Amino acid sequence: MRAALVVFLLLLPAWAARAQAPADRPSLSRAERRAIAKQQREADKAQAAAKKDAPAAPVLSERDREVSESLFVDGVKYVLLEDYPKALDRLGKAYSFNPTNAALNYKLAEASLLSGNLRDATNYGSAAVRLDPKNAYYYLLLAQAQASQKQYDAATRTYAALVKEVPNSGGYLFNLSDLYLAQGKLPEALATLAQAEQQFGPSDEVSFKKQQIYLKQNKLDLALAEGNKLVAANPDQPRYVLAQAQMYAANNRLPDAIRLAQEALKLDPGNAGAHLLLADAYRQQKQAEASEKELRLAFDSPALDIDNAVRILASYLKQLPNPALNQLALDLAAATVRTHPKEAKAYALSGDVQTLTGHKREARNAYLRALKYDNTRYQVWQQVVLLDAELSQTDSLLVHSERALELFPNQASMWFFNGTGLLMKKQPQQAVASLEHGRKLATDTPELLAQFDSQLGDAYHAMKDYEKSDAAYDAALAIDANNWAVLNNYSYYLSLRGQKLDKAKEMAGRVVKEFPASDTYLDTYAWVLYKQKDYAGARTALETALKTTKDASVIEHYGDVLYQLGEKEPALAAWQRARKAGGGASEFLDRKIRDHKLYE
């Protein structure tokens, strides 16, 4: 509150220098003169009310005067120390001796305002103005107290009285116009600005304010006229030309907008705002090639603010992947990085574009560069570890997840990634520790809980703790009965153990019904049937899988089924094809081929 008050009171000097008006002051219209006259009448009314019944100043003894002054000084000290109860106590006692002292009333108003007692602030402020109508600070404090209570009409009258009564206070006309604007009193605001323009001469500030008012009144021609005045007064300043162009563009007068944007570029060839305006205008005119050219020029300009670049690129993210836009988005992201090489958000956004356009390795590198400049954004860490997992970069996944957990130890999802990495590294005990810890942090997020339970099922199975493995899978399915990955893994592991085969068949059958062409799911279903000695059913499922698969384990399983059906030569041929297919086969494959015999 104190800082706001200080700013309020420092407005006068900025305009005091304009007291000498130029000879060519603009004349006022009849409507503006009427509005000003109305303001002056209101100011006169407010001043007359303030002076009415003013009490006579008391005659103080020398001792009373000294006591009052001492209490006043003490009170001012406590105001400065922001101890407002003591300030009000001392100033109130001083007031009892000398209630007609303007400075004392002003300080009581200030202390009351700063302590939140707005009603007393208004009363004491009114008294201060009444007792010394030539002190601008008294009016300002009173107006602030009134505005704080949303007494905007009263605050308006106070400003009008200030301008009328206090010499060289015309600068406060701008505060008065802002107050009118806040109330939506546009004609009064315009009249006040016209009065300021008459007193101080044309200025950028007045023209800009008048433009905004005209636009609110849907008076485009008048707003443009003000803009033309600014351009004429500042012929070498591209920002005024560009402001006019933007006004034309906002009102769908695209040819005029394009013409002025091009003029702005003649004054400032690297003006990013002009290129952006042209890009949008050409886009609206269906000139795609011209629009793209201007957009690239804007992004190549160091003058393009990073936040504007991010905002524009973010609009492209919603449209990706899109073959027609992918390369443009990639180029704009690269340009953003070039022009802002130390901005974390530039690299993060580049990573988003790379991810959506399928460049996962480049995306991960971009995210890591972003973290170099700002490692406080959890979402970026999350993207890094996601890509580590998708790229099967297990060591990187562990390193990055551990670094992230140092910064964000309470993020459940990062514990999930860490546990997943440990499981991929075949460290199931450590994986269980991370996953169980993270699960405790995810109790309010059912979907994340299901993911933890799914991974815990895999981890406990790897530890041969089958009871906990089954319990974890059951918990995941209780949250999402159609978690296909869990249904597949759960049924496959049950088949390997030869346990609960009916349950395994039911789960695997549901998955195959949903994904009838998936070789992985068909292999699981076939292996459950195999364990139930339904070799014919297993053969049918595997022959469907063989139409698309190159997986050695699926081919090997087909050989096992053929062997059980008595087709030993075809079984041997299948095993040999499995060996040629590469990794994924069982440890028994070579023995099967060597001995022409099934081993399990």
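Select Lys 500 and Asp 470: their side chains meet in a salt bridge, 3.2 Å from N to O. A salt bridge here is a side-chain nitrogen of Lys or Arg within 4 Å of a carboxyl oxygen of Asp or Glu. Lys 500 sits in the loop between α28 (484-497) and α29 (501-514) and Asp 470 in helix α27 (residues 466-479), so the pair ties together parts 30 residues apart in sequence. Asp 470 is buried at 6% relative accessibility, while Lys 500 is partly exposed at 43%. Buried means under 20% relative accessible area, exposed over 50%, partly exposed in between (1.4 Å probe, protein chains only).

This is a predicted model: local features need pLDDT of at least 70, side-chain atom pairs count only at pLDDT 80 or more, and totals for chains, interfaces and linings use all residues. Residues are numbered from 1 along each chain as its sequence is written, and side-chain values use heavy atoms, without hydrogens and water.

Next, pick Asp 331 and Arg 296, a salt bridge of 2.9 Å, N to O. Asp 331 belongs to helix α19 (residues 326-339) and Arg 296 to helix α17 (residues 288-300), so this pair links parts 35 residues apart in sequence. Helices are DSSP runs (H or I, at least four residues), numbered from the N terminus.

Move to Arg 65 and Glu 62, whose closest N and O atoms are 2.2 Å apart in a salt bridge. Both lie in helix α4 (residues 62-80), three residues apart.

Finish with Asp 74, Lys 77, Asp 89, Arg 90 and Lys 93, which are linked in a salt-bridge network. The whole structure holds 38 salt bridges.

How values were computed:
Helices (H or I, at least four residues) and strands (E, at least two) are DSSP runs, numbered from the N terminus.
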